Structure formats: C-alpha cells, structure tokens
Amino acid sequence: MNGPRACPDCLRRSRLLAHLAPYIEKVATGSPGSRSPELLRLSNEDLAMAVAPKVAEQVLTQVAVVPERRLEEDLADARCWACCRHDERYPVGLRDAADAPWALIGRGDSALLGRLEPGEAVTVVGSRRATTYGRQVARELGRDLAASGMVVVSGLAFGIDACAHRGAVEAGLTVAVLGCGTDVAYPASHRALWRRIGEEGLVLSELPPGTGAWRWSFPARNRIMAALAGMTVVVEAAQRSGSLITADLAADLGRDLGAVPGPINSRASGGTNGLLAGGACVVRGAQDVLDAMLGPGVSMGERPGPALEPALAATLAAVEAGADTCDAVAEALDVSGAEAAAALATLEALGYLTCSLVGAYARTMLAVPDV
Amino acid sequence: MLATAQTFTLDGIAARPVRVEVDVHKGLPAFSVVGLPDTAVREARERVRAAMVNSGFQFPLHRIVANLAPASLRKAGPGLDLAIAVALLTASEQLTLGALPSLALVGELALDGSVRGVPGVLAIAEAARERGIAAIAVPEENGAEAALVEGVEVIPVRSLDQVAALADGEWAPERPEPMPLRLGSPGGADLADVRGQRHLRHALEIAAAGGHSLLMVGPPGAGKSLAASRLPSILPPLAAEEALEVARIASACGRLDGEAAGGRPFRAPHHTVSPAGLVGGGNPPSAGEATLAHRGVLFLDELCEFRRDTLEALRAPLETGWVTIARSGARRRLPCRFMLVGAANPCPCGRGEADPECSCVPLAVRRYQARLSGALADRIDVLAAVRQPSAEEMGGPPGEASAAVRERVVAARERQEGRLGPGRCNAEMSPAELRECRLDESAAALLADAYSRRRLSGRAHDRVLRLAQTVADLAGSASVDREQMAQALQLRRREES
C-alpha cells in the first residue's frame, strides 16, 4: 500500500503559512491569537494581502517557485510525510471544516491515519496549569479511552494535554496535533513524550517541518483537533482558558462536547463547570464519553483481550480480589514465588495488568473473553 | 650514635614500609620526630619516653632526632611507637638487635611499656613477606591475625622489655595459632527466619545466584531489613584468597573481631551517611562502607532518604568494583565488589497507596517514587515488592534454610563461571556475552513482544536478559524457556513511563 500523498499546491500552502507566520502573529492578536482560524479560511492571495499587504506579492512568488522536488525532499529530510485534502486518506473529520488545513504533515506510521475517524476519536484538552485532580483525571481518561479502542487526540501542551497523551500512549493509540512543525518538540520538556508518540502514534501539524511555535498557531491547531474527533472533552479549564476555544470550535462543527465537573469553588474548574451549565455532556470517566459517542450501554473493553489458561485466569482473579503484589498472589493461590512471577509477567504482557514503580499490580480495563 | 629499625604505616588499606632512623648526639636534651608524622606519630615522643623509663631503661638526655623515611610519605597512627623505641634503645646502646637484623616492628606503646594492638597488622605482615623480611614483631593481641600470613616469622610481644629479652636471645616465642578464616557468613542469621513471603525469597535467591542488585519496596516492618541481612548466608562461600582480602580490609579499618576473620560482610550504613563515609574519602583517604562491604552485601535502608550526591558517588564504584580516591597527595584505589541491596517504602507514609490508611497526596507520592528512578536505580536489576506477612505465615513453619538455598546458588554460579570465566556472574555480562544467551523461540518472542510494546527500554531489555539467564542457571537448563523469561520480566526493576 502506498503512503499518503500531497499535491504540490497544498504543500505550498503550508509553506506560505510558515512564511507569513510573523505577519499573522501581528494581525491575529486580541485575546491571544483567537482570530487565526478565521484568517486561515482565506485563500492564499487574500491571506497574504490581509496580513502582509506590503510583501504579499513577494511572499507569494517566493512560495510559488519552490520546486516540487524540494518540497518532497524537505519532508523526507525531516522524516515526515504529508497528506493533502485531495488524497483519500485525508482524515474524514477535517472534510467537515471549512477552514481545514490543505495539507497535514505527519510523523509516525501513516497507516494509522485510517483509524482517525470522528466516530472513533476523542479530543481531550484542558488547562496547561492543571491541578493534581485535573492531571489525574486526564491521565485516567486518556488511558481508559485508548484501552477501549478510541483514538485520543490532544495537543502535547503542558498539563492536561500531556497527561492525556501519557495515559493513552500506555494503553493504545494517541495523536498529537502541534502548533509547530512536527519535527519540533514543543514544549521542549515533552521531547520524550513527543518522540514516543511519533513512534507509536501520530504527530500531526499543518505547518511544514522546522516551523517554530507562534501564538496564533495554537488556536489554529485547536480547530484541527476539534474537527478530527467526534467529541471534545475539556478536563479542566479556567474561565478564559485557551482550551475553551477548542470547545467552541467543536461546538461550531456540530461535534459532541463534554466537560469534567470540578469543584464549584475552584478557579481552575470555572470554564469546565461553565460548559456543563451551558449543556455540555457530563464526563465522569471514559464510560460517559463512550455512552455519548457510541450510544448508552455500549460498555468499555468491548474488544476483549486474548483467552487465558486456567492458571492465568486464577492469577487474574487473585489480583482482582486485592492481591496487589507478587507475594500476595503467591500466598493467595498457594503457588511458588517463581510461578506467581511468571503468571503475573504473562498477564502484564497480555495487557491485563500494569505494574507500578514499586511493584504493585493493578487491573487494566481489558476484558476477559467469554469462554 | 645512629640506629635504624624497620616498620610499616597504613596507607588506605595497604601497608607501606617505613624506616625509622634515630640519631642520638650531644646537645641540649630534645626529642624531635621528622618525616611527615601526623599528630599521633608526633605524640609518640611522650609515650616512648614514659614506656622506656617505666620498663627500666634510661631515656638518654641528649639531642634525639627520629627520622621516618621515606620523608615524602605521610605517616599515620600510633603503630610506629615500638619501632621508634627500639631504634632509640639501639642508638643509646641499651639494646643490640645483632641477631635479628631483618626484624620489622609494629605496635603502640602504653606508658607502662606494654604493647597495644594496632589496625592493619594483616596487611603489614603481608607487606613484610613481600619485602623479604624474616620476622615481624607485632602486638600480642594481633598475633593470631599476623599468623595468617605464611612465610614470615611472627613474634607476638606484650611489652617493651620482651623485645629486649628477644634481642638478648633469652626469649624465643612460639608462632601463634592463626586466626580461623571464615568462608561463609558470620553469625547465626538464617534465611529460614523469612517466613512465607515466597516472592521475596524467590527474588533473594535470584539476586544471590546472579549477583544482581536488588531493591525491596514495602511498608515498614514487612521484613525488608531482615531479608537483606540474611542475604550473605545464601551467597556462595568465599574462596580462601577472597576471605583473606575481606580480613585485610577489616583489619586495616580496625574492625576485625577477635574470633575469626573473613566471611561475607553485611554493611548497613544509616541514610544520613556522607559521600565520603559511603565510598571512602577524607585526607588522608580512608575506606568507606562500600569497601567494608567488599565481597559482601551493602544494604541501603530507606533508599529514598539518602542524599542524592551520596548515591551518585556509588555509581562508578558499582560499575568498576573499585573506589578511586584522588587527593592532591596521592591517588588510591580501594576494592569494592559488593551486592547492592536497597529498601524503600512505597510512599512517604510507608503504607502504600493501596492501603486506605495512606494519607499521602499523589504529588508527594510521585516525588517520592521519582527518587527511585534516579541514576543509581539504573544499576538495580531486581525489584521485590514486599508485603506484610500474614498471620498464618508468621505463625507458620520456618522457611527453607540458608544451606539448601545456598546449594542451588552455588550450582548456578558454577554454571555461570563455566560460561563466563572464573569469578564472574551474570550481573556482569557484557553486551557481547548477552548476545550469546540461548533463548527458546517462545522466550525470545515474549521478550521481543515486551520490548516492542515499549514497556522496556534498551537497558531494561538487557537487564531482563541477564535475569532470565540467572533464572535458567538456577533451574539448570541450557536455554531460557518462556516461563523463565516471564519470571525475569516480572522481577525486573520498573521504570517510570
């Protein structure tokens, strides 16, 4: 199977955005950069004229003369690929948006693009200055959604975004949409996470490789996140948080909108509680998201794990009954330490269990198949 | 008149020869000691003077200069007293060592002329043999220790006048019985005391069999320290040469108990220990806990409470088996091949997050556990989650005794030595040797699966391979099967994701 392709015109559009980035930065101010999605609706010529009338012509020619081969080489050098709106692998969700990017630059296994359907993707966003509560919820939500087969889309930012990614990457597929080139790890302290998502999931952006981060490019990537997923969940956001832009964009597209309730006296949860008051779906956990997206009653872990031998099933039952260390399992089942160790490691490898830094086992959401 | 005497001074754990030259000549009465003496050596003047007078000798009222050659070497400790006194007696013509031209003397003098024990006599006796010295006079209480060294005559002396009797040929002492050399672990600590706790026992056995470092995590009072202190008893017995090495270190650090020498040491420094206390240091450099634990177990209880720089200081020694202490004066290498065993609580309050009583906030738990994944943790292979033993286990029969476990460990070690060479174990396997591990197809598939799902880092992959090899060696199988690989995966230390 061939990888996704992008036509030169669409790739030139992303180049144009990179060239115009400093000019857009000046125009799209106000509440930081919130006008950028509107600007990006414009055609090449109108956009250039709107943001940089003096140099518009010069920039347009500059981009127009970039040879086709150069466009592709630059992508290959950055170990990225591109998929434009004329390719059949272009994510379906983006086709709903009038201001969708012409081309998506990606990093990671391009075959995973096929799984990025609105019905199976959830965008999880929230404040960069998240509380412990928010982080914990984001991580669990990310993990449980990914474990039940959903694609978790987020923006790799500090706080909620990173926690959602971390949870999801442990259990399944996650997609990071960046406001800079896909080969730029921004924020830099998330480099390890960025690399891991690049290896196991997807990193997407509408900007060409090497482009830095601009204030306007974050609301711009929010519109991509909102369009990619069938539902957007805001985990924690203050009254005027940037993640509420994503929520607005999602609502504009007719996507489902969910919010995690927070304490009513917490400033950090002002925005999410406001969304709930405005009719957003209450998200208490992954099950609420699945109910909203797949219809009530469709339970999590619908894709059961591999079948278990009786000894492994007994070990799993022991862990479920509260034996959280290897020692406890060995005593509960009256087997040797070696046997218990082998069984636990096998269950961990099969995805039924996770083990903490201190050797405590916990059950994942993965369901056991009916025999 | 001029006279000389041969003695030794301790430099770290090695003995260096020192020649004491004493010159007595006319002038205002004075006694000076030159040649880089430390305070204890300089104070020898007073001890020597009193000891001589109280033993019935004359203290010459002349100008006395004692030179300690080589002058560039720093001399420490009171062990030079005896040699200075004998050289002074010879120089003042009160004693003739004519019959004993090649005699070295060590010992501290008491004011009444009796000779007190000093540290490091074992190393000194060995150094004397290497330099071809025929006989060595040592304090009587160190006689048994010096007698461990063959090929040098050992003269245990109790007092200064005994040396005079020896010189006159009036007294011919017998060679003392050498101190028994212990090859196993000292004391009656037995693994049978660890009741139940099968996983912990399993982890201890694997760690002992492959020389893997071990981290135990569990609530306070769950038996972590007990288990660690039993670890030396299941390690293979020391070779005689190794036991001598252990005894030499203990002797130089003044830690030799009277009954027996050698045996696998067990050291458990408190978590407030300084980097110098742990790996050695100071000026002049002295051995730290890491060196004292040579060939034995270094147990770091409350691993998370140790200062970060203290733990960092352990990294290089763990890797190389040597502590190198560089000072402006000298550079010293001290041996430290030990098994590292750490213990930690699962969270700051110690109960573990699963316990409903645990009141630790998640952030504090995360910070606490982050300390478990520092640079030192990189060197730890095995993780054992320890749990409070249940009432039935506590009241139940004792566990398998150390002797039985040790037999299996010895067999596993023999297999490793057959493959890797004498004295080596699986924990030290190089990447090239790792590639020669024989894995069953299913075991290789399990490892590859765990690796590709990113549950393992590259380093963790190698760690699992080492552990798996040890599990297979214990079972006596030629290649690693799936079950053994699964055990290794379970036992490996976890990393933060």
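Two strands pair if DSSP finds at least two bridges between them. Helices (H or I, at least four residues) and strands (E, at least two) are DSSP runs, numbered from the N terminus.

This is a predicted model: local features need pLDDT of at least 70, side-chain atom pairs count only at pLDDT 80 or more, and totals for chains, interfaces and linings use all residues. Residues are numbered from 1 along each chain as its sequence is written, while chains are lettered from A and ligands numbered from 1 in the order in which they are written.

In chain B, strand 14 (residues 297-300) and strand 17 (residues 339-344) run parallel and share four bridges. B:Met339 of strand 17 is the bridge partner of B:Val297. Both strands belong to an open, parallel sheet of five, ordered 13-14-17-11-18. Strand 13 (266-267) and strand 18 of chain B are its edges, each pairing on one side only.

Chain A holds 16 helices and 11 strands. Its C-alpha trace spans about 80 × 50 × 35 Å along the principal axes. Buried residues (20 or more other C-beta atoms, placed from the backbone, within 10 Å of their own) make up 56% of its 371 residues.

The two chains touch. Contact means C-beta atoms, placed from the backbone, within 7 Å. Chain A gives 28 residues and chain B gives 36 residues. Helix 20 of chain B supplies the largest share of the chain B side, six residues. That side divides as follows.

| Class on the chain B side | Residues |
|---|---|
| Nonpolar (Ala, Val, Leu, Ile, Met, Phe, Trp, Tyr, Cys, Pro) | 16 residues |
| Polar (the others, Gly among them) | 11 residues |

Note on methods: A residue is buried if 20 or more other C-beta atoms lie within 10 Å of its own, exposed if 12 or fewer, and partly exposed in between; C-beta atoms are placed from the backbone. Two residues are in contact if their C-beta atoms, placed from the backbone, lie within 7 Å.
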